[in-house]
Amino acid sequence: MCRKSEVIRLKDDPSAEALEAWIIRLRREFHRYPELSFEEYETQKRILKILGELGIEARKIADTGVLASIRGTMPGPCIALRTDTDGLQIQEETTERNRDYISRNNGVMHACGHDGHMSMLFGAARLFLENKDFPGEIRLIFQPAEEIPPGGSERVIAEGGLKGVDAVMGMHIFTNHESGSVGLRPGPFMASTNRFEIILKGKGGHISKPESCIDPVRMATDFITNLYPALEKWLDPDKYVLGVGRIQGGAQFNRTPDTVGILGSYRTFDSETTGIIDRTIKECLDEIVEKYRKPGDEFSGLPEYDLDILHGYPVLVNDPVFTATVNLKLQESFPELTVYPELKKAFAAEDFASYLQIVPGIFISLGTRNQEKGIVEINHSCRFDIDEEILLTGTKIFHTLALDFLKNPERYLAP
C-alpha cells in the first residue's frame, strides 16, 4: 500500500503538511454542505471565494459551475483539469469518523468523492501558483451535475469550456482499490449509461372478469421474464448490465389497472451492444403486445406500449498514448506509488467521457479503500467516506502530470 507520507517524502516538500491540512479542511467544508445537481449555488459561491483569495481569475459556467485559469510565464499549450461538484440525494449515516463533518443538508450527501475532488484541484492550484515558471495555461473546470444525465459536461462544452484546450485530465476517488494507489486503463474504461421507460397499456376492469380485461401487470411480468434470455442469445454477459429499477401500476386490490410503467437502465462499452439492446427491448415488447391481443371492438387498439430510451453518458475512452505516458511519468516521479496500469473496465459511468470525445486525455482512479480505518463502503453508500491521507497524493499527481504535459506535450499526444 502506498501511503500519503511516502509521496510527500519523495517530493521533499517542507510545506506539504500545511497544504495537506488546508486541503482536508476544504474537503470537510464541502462535505458539510452538499447540493444536488444544478443546485450547487452555495458551492459555486464557495469556489469563487477561494479562487478569489488565491488570486485566480474565474467565471461562472453551466449555471452553477466555475471556470478558472492559471497562466504560466511563457506561451504554450493548455490542459484542463476537471472536478465535479454535486452531491447525491442520500441521507448520510453517522459513523465514528464523520461526526465533525457529516452533511448539514438533510437528505443530501457527498457520497461519491466530489468533495475530495474539489479539494484536490484547489490543492493543485496552490502548487501551480507557487511557481508559475511554466509554459501555457492550466484551466480549472469545477463542473456541476455529474450525477444526472446528460450531465453538466455538455453545458460546459457548449459554453466554451474546452475552447483552446489541448488535453483534459480528471480523477475520481473509488474504494475498489487500496488507499493511495492509482488505477489507469487505456481505451474504454467506463460504460455508457442508458435509460429506458415503458408504459404498457392494457384494459382495466374488475379482477373477477379477466376476459373483459387486458392485464398490463402480467404483460410487464412477461416482458421482464423474456428480456433477459433474449439478450443472452445475442450478447456475452461481460458486455453489458441491465436492470429494472421500478415497476409501477394499479391502485386497487380488486381492479386490473389500465397501465403499468417500467423504468430501467443498461450499460455497455460500445455502440453496437447498445444498439442490440435497444432493438431487443422493442422486439420483446412487440411480442408481448401480440401475445395479449384480444378480438372484439372493446379491445380495439389494445394492448399497446410507449417506449422512451434515453442514451446518456457515452463510453469513457482514455487516450492510449496519453495514458501510457501518464503511467511512465507516475512511475518516474513517484516510484513508491502503487500503479495499476490496466484496471478492469467498470460499468460505472461518468460524463467526463464527453470531454474525451473532444480532446485527448485521461480519467484516473484514485483508491481510498482502507480496511484498518473502516473505509470500505462503496461509492453512493450512506456510509461512504474518504481516507483523507490520499488527498495530497491526488493533488501531487494533478500538479506533476499537468506540468509535465505543458512542458512535453509531444509525449502525451498521438502524432
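**Labels and the values behind them**

User: Why is Thr 325 called buried?

Analyst: Thr 325 has a relative accessible area of 7%. Buried means under 20%, exposed means over 50% and partly exposed is in between, using a 1.4 Å probe and protein chains only, so Thr 325 counts as buried. Bear in mind that this is a predicted model, where local features need pLDDT of at least 70, side-chain atom pairs count only at pLDDT 80 or more, and totals for chains, interfaces and linings use all residues. Residues are numbered from 1 along each chain as its sequence is written, and side-chain values use heavy atoms, leaving out hydrogens and water.

User: What does the side chain of Thr 325 reach?

Analyst: Thr 325 sits in helix H8, and its side chain gets to the backbone oxygen of Arg 411 at 2.6 Å. A polar contact is a pair of N or O atoms within 3.5 Å; within protein, one must be able to donate a hydrogen and the other to accept it, and residues adjacent in sequence count only if both atoms are side-chain atoms. Leaving aside neighbours within four places in sequence, Thr 325 is in contact (heavy atoms within 4.5 Å) with Arg 411 and Tyr 412.

User: How do you know that the length of helix H4 agrees with its residue count?

Analyst: Helices are DSSP runs of H or I with at least four residues, strands are runs of E with at least two, and both are numbered from the N terminus. The expected span of a helix is 1.5 Å times one less than its number of residues. With 17 residues (114-130), H4 should therefore span 24 Å, and its end C-alpha atoms are 25 Å apart, which agrees. H4 is also mostly covered, with 14 of its 17 residues buried.

User: What makes S1 and S15 edge strands?

Analyst: Strands pair if DSSP finds at least two bridges between them. Strand S1 (57-61) and strand S15 (339-340) each pair on one side only. They belong to an open sheet of eight strands, in the order S1-S2-S4-S3-S5-S16-S6-S15, with mixed pairing. S6 (residues 182-183) runs parallel to S15, joined by two bridges, and Val 182 stands opposite Val 339.

User: Which residues have the most contacts inside the largest nonpolar core?

Analyst: Ile 79, Leu 81, Ile 138, Leu 140 and Ile 364 do, in a core of 61 residues. A nonpolar core is a set of buried Ala, Val, Leu, Ile, Met, Phe, Trp, Tyr and Cys residues joined through side-chain atoms within 4.5 Å. Helix H10 (residues 390-407) gives the most to this core, with ten residues.
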